[in-house]
Amino acid sequence: MIEFRAVHKRFANGTTAVHDLTLSMPAGGITVLVGSSGCGKTTTLRMINRMVEPTSGTIHVDGRDICSQDAALLRRSIGYVIQQSGLFPHRTVLDNIATVPLLLGWGRRKARTRAAELLETVGLAHDAGKRYPHQLSGGQQQRVGVARALAADPPVLLMDEPFGAVDPVVRTQLQDELLRLQKELDKTIVFVTHDIAEAIRLGDRIAVFRTGGRLVQCATPAELLARPADPFVADFLGAERGLMLLSLIPLGDLPRRPVPEGGRWELVLGPGRRPKGWRDRSAGDGDGALLPVRPLRDGDSLLSALNESVGSPCGLVVRVDTEGALTGVTSREEVHDRAGTAHASAARAASAPPEPAPRAGDHPPVADPAPASAPGTTGGAP
Ligand SMILES: Nc1ncnc2c1ncn2[C@@H]1O[C@H](COP(=O)(O)OP(=O)(O)OP(=O)(O)O)[C@@H](O)[C@H]1O
Ligand SMILES: [Mg+2]
């Protein structure tokens, strides 16, 4: 647990970067800091490893006031990843990763063995270890940055826009990797980003700051999307916040029905009853021209179902089991109805006592579906 209590940071030039910040960042969770440029995210992060000292207030990590600890030792117990990876250009990748273990006196052999293990952990090939940072792509360099931060197995990881400079596809891969790693490693992570979709995807809790270093709201992604604290937060989340909320809700028990017999569209199956595509019976051209289908599993999100339902030629969402075999179809209307009630439940849940953030794929739904006419149903509408 990282706890800020009434923390204030005013730089020598008079700029207040952080204003009276009281915030708890739970152990074993990802807390994401978001907000417009210059609102104090980096300053907040850098106060945790004492690269910046607060003007007043206290910061505790696992119950200990960080000011009572030696700053250099504290820094070695906290991993730090920045946007341009911050690797030493004249050291090999393996030596870069081994930096902190060497500083901690592990000995060269043990440090390099650990570095080689970490290469694999972050999804890099063994031979990448012998290269220099400039011989890797931007995405690969970020992976090395993450490996280096994890090298001494610190309980806390600070990440300042670590994936900000890579293209969207690589960024998604790096996010997936981070979520996979976090499941195994259970670190306390503080993650800064400008990208609200990234915050929603990664955060267990999201802290929204406004200019002047003022914290406006700290909540789970679902709470934030369903009940932004004020118009500033709502604006910051953007016009698609209703859709973003659906990305957090798994399909789960949405009804599944047999594929309708007859009609214009036939679902063509391949081996193992795997859906191949939709065939237009009225076109009469056999299996030749299939319209693509992207079958969904129960852990996929309501947003992907909505997307499928508008893309499907007959408005049916195709469902499969974990092996990819057909289990049934769900109509566009059923998806839309569930999307509406999910908003209502999320808004209600957001006004109830806080609960852990649900996430499509590995958590139960936000809340039980509620009738569309329930009070407060407009709370989460986009
Ligand atoms: N060393 C410093 N001396 C004076 N002012 C500073 C210093 N570091 C940061 N600031 C100012 O403090 C404010 C907060 O800066 P900070 O870097 O924390 O913002 P940020 O939210 O990380 O912004 P960005 O999203 O652009 O990275 C800004 O107004 C910045 O100009
Ligand atoms: Mg910054």
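Here are some friendly notes on this predicted model, from overall confidence to individual strands.

1. **Ground rules.** Residues are numbered from 1 along each chain as its sequence is written, while chains are lettered from A and ligands numbered from 1 in the order in which they are written. Because the model is predicted, local features need pLDDT of at least 70 and side-chain atom pairs count only at pLDDT 80 or more, whereas totals for chains, interfaces and linings use all residues.

2. **Confidence.** The chain has a mean pLDDT (the predictor's confidence in each residue, from 0 to 100) of 86, and 90% of its residues reach 70 or more. Strand β1 (residues 2-10) has the highest confidence, at 97, and helix α13 (residues 332-351) the lowest, at a mean of 84. Please take care with two stretches: pLDDT stays under 50 over residues 354-359 and over residues 361-382. In the model, residues 354-359 have 14 contacts beyond four places in sequence, and residues 361-382 have 57; a contact means that two C-beta atoms, placed from the backbone, lie within 7 Å. Where pLDDT is low, the predicted coordinates should not be read in detail.

3. **Overall make-up.** The chain holds 13 helices and 15 strands; these are DSSP runs numbered from the N terminus, with helices being H or I of at least four residues and strands E of at least two. Of the 382 residues, 41% count as buried. Buried means that 20 or more other C-beta atoms lie within 10 Å of the residue's own, exposed means 12 or fewer, and partly exposed is in between, with C-beta atoms placed from the backbone. Among contacts with a separation of 6 or more, 66% come from residues 24 or more positions apart.

4. **Around ligand 1.** You will find Phe11, Asn13, Thr15, Ala17, Ser37, Gly38, Cys39, Gly40, Lys41, Thr42 and Thr43 surrounding ligand 1; a residue is near a molecule if its C-beta atom, placed from the backbone, lies within 6 Å of it. By class, this shell has 3 nonpolar, 7 polar and 1 charged residues. Here Ala, Val, Leu, Ile, Met, Phe, Trp, Tyr, Cys and Pro count as nonpolar, Asp, Glu, Lys and Arg as charged, and the others, Gly among them, as polar. Helix α1 (residues 41-48) gives the most to the shell, with 3 residues.

5. **Helix α1.** This helix is mostly covered, with 6 of its 8 residues buried: Lys41, Thr43, Thr44, Leu45, Met47 and Ile48. Just after α1, Arg50 takes a positive phi of about 60°. The helix lies across β3 (30-35), β6, β7, β8 and β9 (205-210), and runs at about 155° to β8. For such angles, axes are lines fitted to C-alpha atoms, for helices over the stretch in contact, and values run from 0 to 180 degrees between N-to-C directions.

6. **The sheet of 6 strands.** This open sheet has mixed pairing and the order β6-β7-β8-β3-β9-β10; two strands pair if DSSP finds at least two bridges between them. Its edges are β6 (78-82) and β10 (214-219), each with a single partner strand, so one side of each is left without a neighbour in the sheet. From one strand to the next, the twist averages 15°. Parallel strands β7 (residues 156-160) and β8 (residues 188-192) are joined by 5 bridges, and Val156 has Thr188 as its bridge partner in β8. Helix α6 (residues 138-150) lies across β6 and β7, at about 165° to β6.

7. **The sheet of 4 strands.** A second open sheet, with antiparallel pairing, has the order β2-β1-β4-β5. Strands β1 and β2 (residues 16-25) pair over 6 bridges, with Phe4 opposite Leu23 in β2. In their hairpin, which has 5 residues between the strands, Gly14 takes a positive phi near 95°.

8. **Pro255 and what follows.** Pro255 sits in the loop between α11 (241-246) and β11 (265-270), and is exposed because 11 other C-beta atoms lie within 10 Å. Leaving aside neighbours within four places in sequence, Pro255 is in contact with Thr330 and Glu334. The C-alpha atoms of Pro255 and Glu334 are separated by 7.8 Å, although these residues are 79 apart along the chain.
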